[in-house]
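The structure comes first, then the notes.

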Amino acid sequence: MSFQLSQADVIRLLTEPSAPVRADVASKLASGIEDADLSEGELLAAQDILRILAKDVAVAVRCALSYNLRRATQLPHDVALRLANDVEDVALPILENSPVLTEADLVAVVRQGSPRKQATIARRPDLSEPVADALITGAMEPVVVALMENPDARIGADSLVKALDRFATSEAVKEGMAHRAALPMTVTERLVVMVSDQLREYLVAHHDLPEVQAAEIVMQTRDRVTLNLSQGSTEAELQVLTAQMHRQGRLTPVLVWRALSLGDMAFFEAAIATLAEVPINNARMLIHDAGPAGLASLYQKSGLPERMLPAVRAAVDVLREVQFDGGARDHERYRARVITRILTQFEEFPAEDLDFMLEKLGGSLTA
């Protein structure tokens, strides 16, 4: 493409009374600015004309310019910024696609508060975490839903938590978040809790289920999902998860027992370390101490019910002995051995506590 604009061309462009003609010239000029054959002088001349056209009084001219420049890498930053801060019809193509706009530019536009501009930014490819956080902080629900549904948006864990805090009652935000390709484990765990609360309301309202019974069903479901989520997590992730659950009052004796009933020693170690407020390595040494004193002292410090200690010790002992082969019946065999150990070695176990422990252990068999 040959790019030659004389002084006369520039004068005609600036004095042309017809907005459609100027819009057509703007489109052609914008389309040609990415031409690799342009000399440095031609590129600078084209960019100067773009600056003039970006100030044109006719919205149609600026719209044509914005649409044709929306992906241009040679667009001067000052022109991109001017178009982004123009009226919405002019700004939207640039806001959605322009690679020239910086993170700070986008955050500034978000803070101006135009819902259409915010929604357009939310759909940008490869949206950065600070821009996503600005949207979550200042935009309304439909914009945040669009952000959650953008698979290319990078959204930090803290921002996701903020979205759950701001839009706790929004099904659309939670659904959009739940369908994202990847979520931090702590966010997923919290999201599960929020959905479970709604499930409890549904069970009570639609199945004439006593609320206490519905709450227990939801609790079991939530605990099973939480423990499933913990599988394959790193030690650091488990510590973060158990600390969060402890702050929320959800690191319960029943959950700790369910973890053991599933053979999840990693979660049990992290949970009891959190409850006892001791480093994970110290907790692990005490749990696996050959003598009975280590586990007992750690357990007492954790504040878990003392009456559960014999069953916990039995489950820990069996877990040390059992060899999982990856088969479908691994956990069933393990739980059967725990039940046998409790029944044969702890005859003094209170009947009501025994029934409770076996019920929770047996309930895990169907998890």
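**Loop residues and a helix pair**

Glu277 is exposed, with a relative accessible area of 69% (exposed means over 50%, buried under 20%, partly exposed in between, with a 1.4 Å probe and protein chains only). The model is predicted: local features need pLDDT of at least 70, side-chain atom pairs count only at pLDDT 80 or more, and totals for chains, interfaces and linings use all residues. Residues are numbered from 1 along each chain as its sequence is written, and side-chain values use heavy atoms, with hydrogens and water left out.

**Positive phi in loops**

- Most residues other than glycine have a negative phi.
- Glu277 has a positive phi, near 60°, and lies in the loop between helix H17 (265-276) and helix H18 (280-287).
- Helices are DSSP runs of H or I with at least four residues, numbered from the N terminus.
- Asp126 also has a positive phi, near 55°.
- The loop that holds Asp126 runs between helix H8 (115-122) and helix H9 (129-138).
- Asp126 is exposed, at a relative accessible area of 52%.

**H18 against H19**

- The axes of H18 and helix H19 (residues 293-302) come within 7 Å and cross at roughly 130°; axes are lines fitted to C-alpha atoms over the stretch in contact, and angles run from 0 to 180 degrees between N-to-C directions.
- H18 and H19 are therefore oblique to each other (under 35 degrees is roughly parallel, over 145 roughly antiparallel, 65 to 115 roughly perpendicular, and the rest oblique).
- From H18, Ala283, Leu286 and Ile287 contact Gly294, Leu295, Ser297 and Leu298 of H19, contact meaning heavy atoms within 4.5 Å.
- The residues of this H18 and H19 contact comprise five nonpolar, two polar and no charged; Ala, Val, Leu, Ile, Met, Phe, Trp, Tyr, Cys and Pro count as nonpolar, Asp, Glu, Lys and Arg as charged, and the others, Gly among them, as polar.

Technical notes: Helix = DSSP H or I, 4+ residues; strand = E, 2+ residues; numbered from the N terminus.
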